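Welcome! Here is a short briefing to read alongside the structure, grouped by topic.

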Amino acid sequence: MASLRADGVPATIPWFMTEYGYSVFAGRHEVDIPGALFNADTVGAFLTLQGSKAYQYGYEPNYLVDELKCSWGNLMMLQLNPKNDQVNRLSAYYAAQLITKEWMQRMNQTHDIFPVTVKQRKPTSSSAVTVYALRRPDKQWALLAINKHLNRSARLNVEFKFSGAQPPARLAGQVEVIQFSREQYAWRDDGPNGHPIRSLPPVHLTREASSSYELPPYSLTVLRGKLPDSR
């Protein structure tokens with residue numbers, strides 16, 4: 001985005017990401033958890049950087065392919081089985097639902113995007129966590145949190161800071177927590193016969209607001225709720 005601006009693309013026109021996906025070549029990551037994490041990270045980053053709309057590639061059901069003779073996969077949300085009529089829901093399918101139905105609100109109204117700063121306990125370490133924040137038309141705040149660490153969970157402390165003299169705020173009351181991780185999805189790598197051995201929708205729970213929230217390894221999490229003073 002910075003490169004495009006430096007090249008003189010005007011900010012006065014809408015910026016569309018007309019196709020996004022893990023790779024132009026087929027591979028396992030596209031049908032496994034990394035594909036879901038990548039898609040969510042891409043949408044969150046693009047919108048935060050003032051992109052207007054993002055369009056995912058691979059809506060139609062498709063088959064596994066091995067273009068580079070090293071890994072079977074495809075940019076798709078639904079997998080066709082060449083031997084029967086079964087259709088498998090892949091990680092990208094659940095990520096798309098989580099983004100469009102849980103993080104965002106299912107209506108044609110403006111969502112306000114806000115910048116997020118993620119601070120590490122150890123400033124020298126690189127963060128495996130990215131977070132994107134928006135305020136939905138229903139006045140709820142929603143955070144899309146992505147933990148890209150393969151084996152380590154993360155604890156996310158959430159605080160909202162506003163301009164002026166207003167004190168920082170935290171989510172209050174009931175908070176909706178929606179998570180998608182390896183607890184819900186697992187892929188069996190078996191060449192052209194690869195398929196998910198576990199394919200479940202994101203888990204959804206309601207809990208009391210807290211100062212911190214657990215992010216499982218390799219996961220997508222949506223936290224949704226309101227601030228105490230309806231900001």
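This is a predicted model: local features need pLDDT of at least 70, side-chain atom pairs count only at pLDDT 80 or more; totals for chains, interfaces and linings use all residues.

Helices and strands here are DSSP runs, numbered from the N terminus.

**The largest pocket**
- The largest pocket has a volume of about 1200 Å³.
- Its lining is made up of 33 residues, and those nearest the centre are Thr 117, Val 118, Lys 119, Leu 156 and Asn 157.
- Strand 6 (129-135), strand 7 (141-147) and strand 8 (154-157) each contribute at least two residues to this lining, and strand 8 gives the most, with 4 residues.
- By class, the lining of the largest pocket holds 16 nonpolar, 9 polar and 8 charged residues.

**The second largest pocket**
- For the second largest pocket, the volume is about 710 Å³.
- Leu 47, Lys 53, Ala 54, Thr 100 and Met 104 are the closest to its centre, out of 23 lining residues.
- Helix 2, strand 2 and helix 3 (91-103) each supply at least two residues of this lining, with the largest share, 4 residues, coming from strand 2.
- The lining of the second largest pocket has 12 nonpolar, 9 polar and 2 charged residues.

**A parallel pair of strands**
- Strand 1 (residues 16-20) and strand 2 (residues 53-56) run parallel and are joined by 3 bridges.

**Salt bridges**
- Side chains of opposite charge can pair when their charged atoms come close.
- The count of salt bridges in this model comes to 8.
- Asp 41 and Lys 148 form one of them, with their closest N and O atoms 2.8 Å apart.
- Because Asp 41 lies in helix 2 and Lys 148 in the loop between strand 7 and strand 8, this pair ties together parts that are 107 residues apart in sequence.
- Asp 41 is buried, at 15% relative accessibility, whereas Lys 148 is partly exposed, at 33%.
- Arg 28 pairs with Asp 32, and their closest N and O atoms are 3.1 Å apart; Arg 28 is partly exposed at 28%, while Asp 32 is buried at 12%.
- Arg 28 and Asp 32 also belong to a network of salt bridges together with Asp 189.
- Arg 136 and Asp 138 meet in a salt bridge at 2.7 Å, N to O; Arg 136 is buried, with a relative accessible area of 7%, and Asp 138 is partly exposed at 23%.

Notes:
Residues are numbered from 1 along each chain as its sequence is written. Side-chain values use heavy atoms; hydrogens and water are left out. Two strands pair if DSSP finds at least two bridges between them. On a 1 Å grid over the protein atoms alone, a cavity is a set of points where a 1.4 Å probe fits but cannot get out, and a pocket is an open set with protein on both sides within 12 Å along at least five of seven lines; lining residues have an atom within 4 Å of a point. Grid points are joined across faces, edges and corners, and a volume is the space filled by probe spheres set on the points. Ala, Val, Leu, Ile, Met, Phe, Trp, Tyr, Cys and Pro count as nonpolar, Asp, Glu, Lys and Arg as charged, and the others, Gly among them, as polar. A salt bridge is a side-chain nitrogen of Lys or Arg within 4 Å of a carboxyl oxygen of Asp or Glu. Buried means under 20% relative accessible area, exposed over 50%, partly exposed in between (1.4 Å probe, protein chains only).
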